[in-house]
Amino acid sequence: MAKLRVGLVGIGGMGGCHFFNYDQVEGAEIVAVCDVRTEMAKEKVKGRGIKVYKSLSGMLNNAELDMIDICTPSYLHKDMAIKLLKKGYHVLCEKPMTLNTKDAKKLLAVAKESDKKFMVAHVVRFMAPYIYLKSVIESGELGKLIRLDMKRISGIPAWSWEDWMRDEARSGGVATDLSIHDIDFVQSVLGMPDKITSYTTGIKNNNDYVVSNLQYGDVLVTCEGTWYNAPIGFKATYLAVFQDGYVELSDKLYKNGKEVVIDQPEAQEADLGINVGNDNGYLTEIQYFVDCVNNNKAIEYVTPESSAKSIELVDLIKKKATRL
Ligand SMILES: NC(=O)c1ccc[n+]([C@@H]2O[C@H](COP(=O)([O-])OP(=O)(O)OC[C@H]3O[C@@H](n4cnc5c(N)ncnc54)[C@H](O)[C@@H]3O)[C@@H](O)[C@H]2O)c1
């Protein structure tokens, strides 16, 4: 079978991560890249015979493509994804799906109407320690979940083009950009909470954090996401306590204090200069999407409906938050 011809839009931090992962993806290859920073893009793709375009329309007009991988700043996702689906491309789009619920509903409607595949790249759902946690919750092997505490702690994201990430209007701030990883995971496993209490700062003295308490019956789930104006290395951790034990992701993954070792794809070696998690779910997520396209299988693991629900939950968390 011919490989899917992929066009990558945006080859900054996350686009670079996707780009190098395609080397290991079966059934697809990147044949064109587009980025407003063409010199930087040419440097990244050097020696591979891949054509670089300055604009998305330039790439679409000149390259034969089946699938587009969107890794542009988040405020561009909605319009790009809608345009690409309407033009008949399969679309893999970085998280967040959109910056707000209204836009997520618009994109969802287009995705539902389209006969092309669409998936939001919620990488945490593809990361081994989180797949493991989901399986322990769902199998009941440690009994009922009592408490879940998830953290995503980072210094300020200084790498982004034009500093768009620290502009709440373009990234949605730390809740929509970073904490969404954990919020989406929780939503995908437990659904929408019964009650929410939350705190945010908004970008203040260059710090931004969100702490949300999500109540599911008698279970409290906390998601904390931070961009601190301090030289703190990126850490994604969780502690899940059950009736009969606990699972913890800290430096490693543990069940009841014993390390859990899971086979997983090796992370690519390039220094990406951005926050990437402690395993390579990126390859797994891209491969999943490519396999669904190539085998014409429904995208059931991360549906557009579920990604839109996560935007709704993030918006509720932000709306209900006490702003400090
Ligand atoms: N899944 C993850 O773990 C993860 C981690 C970081 C970022 N992200 C997401 O990935 C996306 C990109 O983030 P990033 O960290 O790579 O940001 P970035 O600023 O490093 O990269 C964005 C790139 O898009 C380019 N660009 C801007 N406007 C463009 C346009 N109109 N057409 C083509 N290219 C354009 C920029 O030049 C830049 O190279 C965001 O949505 C972000 O939320 C996901």
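Predicted model: local features only at pLDDT ≥ 70, side-chain atom pairs only at ≥ 80, totals over all residues.
Which of the 28 residues around the ligand come nearest? They are Gly-10, Gly-12, Gly-13, Met-14 and Trp-161. Both domains take part: domain 1 (4–122) and domain 2 (124–277 + 301–323) each give the shell at least three residues. Helix 1, residues 13–21, provides the largest share of that shell, with three residues.

Let's stay with helix 1. Its partner here is helix 9, residues 281–294, and their axes come within 9 Å and cross at roughly 70 degrees. The two helices are therefore roughly perpendicular to each other, and their crossing is right-handed. On the helix 1 side you'll find Cys-17, His-18 and Asn-21, which meet Tyr-282, Leu-283 and Ile-286 in helix 9. By class, that contact has four nonpolar, two polar and no charged residues.

Now the domains themselves. The C-alpha centres of domain 1 and domain 2 lie 24 Å apart, and the contact takes 27 residues from domain 1 and 28 residues from domain 2. On the side of domain 1 that touches domain 2, helix 1 turns up again, with the largest share at six residues. That side of domain 1 divides into 14 nonpolar, 10 polar and three charged residues.

Thanks, all!

Terms used
Residues numbered from 1 in each chain as written. Near = placed C-beta within 6 Å. Helix = DSSP H or I, 4+ residues; strand = E, 2+ residues; numbered from the N terminus. Domains from an automatic or database assignment. Axes fitted to C-alpha atoms, helices over the stretch in contact; angles between N-to-C directions. Parallel < 35°, antiparallel > 145°, perpendicular 65-115°, else oblique. Left-handed = near helix turned anticlockwise from the far one by under 90°. Contact = placed C-beta atoms within 7 Å. Nonpolar A, V, L, I, M, F, W, Y, C, P; charged D, E, K, R; others polar.
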